[in-house]
Amino acid sequence: MEHPAVEIDMGRNVDVGRIVQEAQSAIAAVSDLDALARLRNSLLGKGSALGMARSSLGKMAEDARRSLGAAIEGARKEIEQSVDQQRKVIEEKARILRIEADRLDLTEWTEAVASQRGHLQLVQRTRDELEDVFVGMGFDVVEGPEVETDWYNFEALNIPPAHPARGMWDTFYLRLGDPETVLLRTHTSPTQIHVMESGELPIYAVMPGRCYRRDTPDSRHLPAFHQIEGLVVDEGISFANLAGTIEDFTGAYFGSGMHSRLRPSYFPFTEPSAEFEVTCAICRGEGCRTCSHTGWIELGGCGMVHPAVFEAVGIDTERWSGFAFGFGIDRCAQMRYQIPDMRVLQENDYRWMRQI
Ligand code: DAH
């Protein structure tokens with residue numbers, strides 16, 4: 001816009017164009033809102049060049065007054081516009097600074113933390129893996145209570161009161177009901193009884209869970225530990241089915257080249273009974289200190305379900321037969337991951353757990 005130079009009474013030429021130009025460069029140099037407000041007052045207020053020019057209008061001739069008045073008004077509008085524009089620029093800069101300050105660099109966080117992401121505890125993972133293997137072999141997974149009565153934990157399993165075999169399981173009893181009638185299960189075998197009692201046959205089930213014994217913790221024993229029980233009841237089930245199932249499981253869980261063998265043993269709830277051993281995972285059967293140079297490591301017990309157990313749950317032994325097995329999940333994890341001392345499984349030492 002062209003601005004006329006106007007003569008005013010102070011004997012100076014008012015160069016409105018220059019006033020506007022100087023005002024605009026001053027405005028553009030301001031970077032905060034308070035300073036901008038102050039500058040605006042000094043550019044447009046009474047004491048400003050424009051203000052003074054405006055005060056002189058009254059004394060001017062009509063023509064000159066009109067053209068100077070219009071020029072002053074035009075200049076005022078331009079300066080106001082520049083101030084508004086600059087205000088927006090300052091506000092936008094402040095907004096960007098605020099956003100920058102609030103920004104969370106999630107990329108950096110993810111990269112730093114991803115490598116330390118948590119995982120399931122080793123016993124839980126082992127239990128999940130065992131369940132997967134058995135489910136793949138056609139078994140159902142069933143859970144039973146950790147608090148049991150003497151009947152489920154012992155009597156129904158052909159272990160009557162005062163039977164010497166009770167010494168195999170040092171028991172925690174609860175102060176509930178008659179003395180020594182309610183207890184923390186010492187093995188998962190009582191879940192077999194619950195499953196058979198439910199009456200549905202045939203049965204192909206595994207039963208994992210926590211068990212308790214009054215054992216002093218050492219490198220191979222924990223007073224609270226985990227077992228997985230297996231039970232098959234069907235027509236025509238033989239010892240060969242038991243041996244084949246254990247062998248299939250060993251290969252599926254521990255990997256090819258790993259085998260199983262059965263050795264005669266005794267459990268009150270099976271007849272005949274056996275202990276099953278699997279190829280030593282450390283020496284792969286060559287013989288080493290861990291397996292006492294036999295090449296085999298004992299994992300659990302098994303056998304054909306004792307007729308007295310079938311009788312306790314009312315299953316007809318003329319028609320049905322079955323086998324059962326049970327072994328420690330913690331022991332299994334110990335073997336598979338070669339953990340020298342089982343107690344680390346319960347100590348929750350983060351330095352140890354994160355390596356697994
Ligand atoms: N319940 C036995 C224990 O805790 C393990 C066991 C042995 C379970 C033989 C079985 C079995 O089902 O047939 O020592």
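Where is the place of Pro-272? Pro-272 sits in strand β9, residues 270-279, and helices and strands here are DSSP runs (H or I of at least four residues for helices, E of at least two for strands) numbered from the N terminus. Please keep in mind that this is a predicted model, in which local features need pLDDT of at least 70, side-chain atom pairs count only at pLDDT 80 or more, and totals for chains, interfaces and linings use all residues. Residues are numbered from 1 along each chain as its sequence is written, and side-chain values use heavy atoms, with hydrogens and water left out.

**Backbone details**
- Pro-272 is joined to Glu-271 by a cis peptide bond, with omega about -5°.
- The peptide bond from Leu-201 to Pro-202 is cis, with omega near -5°, and Pro-202 belongs to the loop between α8 (189-197) and β6 (203-212).
- Arg-284, in the loop between β9 and β10 (296-305), has a phi near 55°, a positive value in a residue other than glycine.
- Asn-348 has a positive phi near 55° and is found in the loop between α12 (344-347) and α13 (350-353).

**Helix packing**
- Helix α1 (residues 16-29) packs on helix α2 (residues 33-44) at an angle of about 170°, their axes 10 Å apart; axes are lines fitted to C-alpha atoms over the stretch in contact, and angles run from 0 to 180 degrees between N-to-C directions.
- The pair α1 and α2 is therefore roughly antiparallel (over 145 degrees).
- Ala-23, Ala-26 and Ile-27 of α1 make the contact with Leu-36, Leu-39 and Leu-43 of α2 (heavy atoms within 4.5 Å).
- Helix α6 (residues 122-136) and helix α11 (residues 329-336) cross at roughly 95°, and their axes come within 9 Å.
- The helices α6 and α11 are therefore roughly perpendicular (65 to 115 degrees).
- Residues of α6 in this contact include Leu-122, Arg-127 and Glu-129, while those of α11 include Ile-329, Asp-330 and Arg-336.

**Around the ligand**
- Of the 16 residues around the ligand, His-187, Ser-189, Arg-213, Gln-227 and Glu-229 come nearest (a heavy atom within 4 Å).
- The side chain of Ser-189 has an N or O atom 2.9 Å from a nitrogen atom of the ligand.
- An N or O atom in the side chain of Arg-213 is 2.8 Å from an oxygen atom of the ligand.
- For Phe-325, a backbone N or O atom lies 3.3 Å from an oxygen atom of the ligand.
- Taken alone, the ligand exposes 360 Å², of which the protein buries 93% (Shrake-Rupley method, 1.4 Å probe).

Key
Angles under 35 degrees count as roughly parallel, over 145 as roughly antiparallel, 65 to 115 as roughly perpendicular and the rest as oblique. A polar contact is a pair of N or O atoms within 3.5 Å; within protein, one must be able to donate a hydrogen and the other to accept it, and residues adjacent in sequence count only if both atoms are side-chain atoms.
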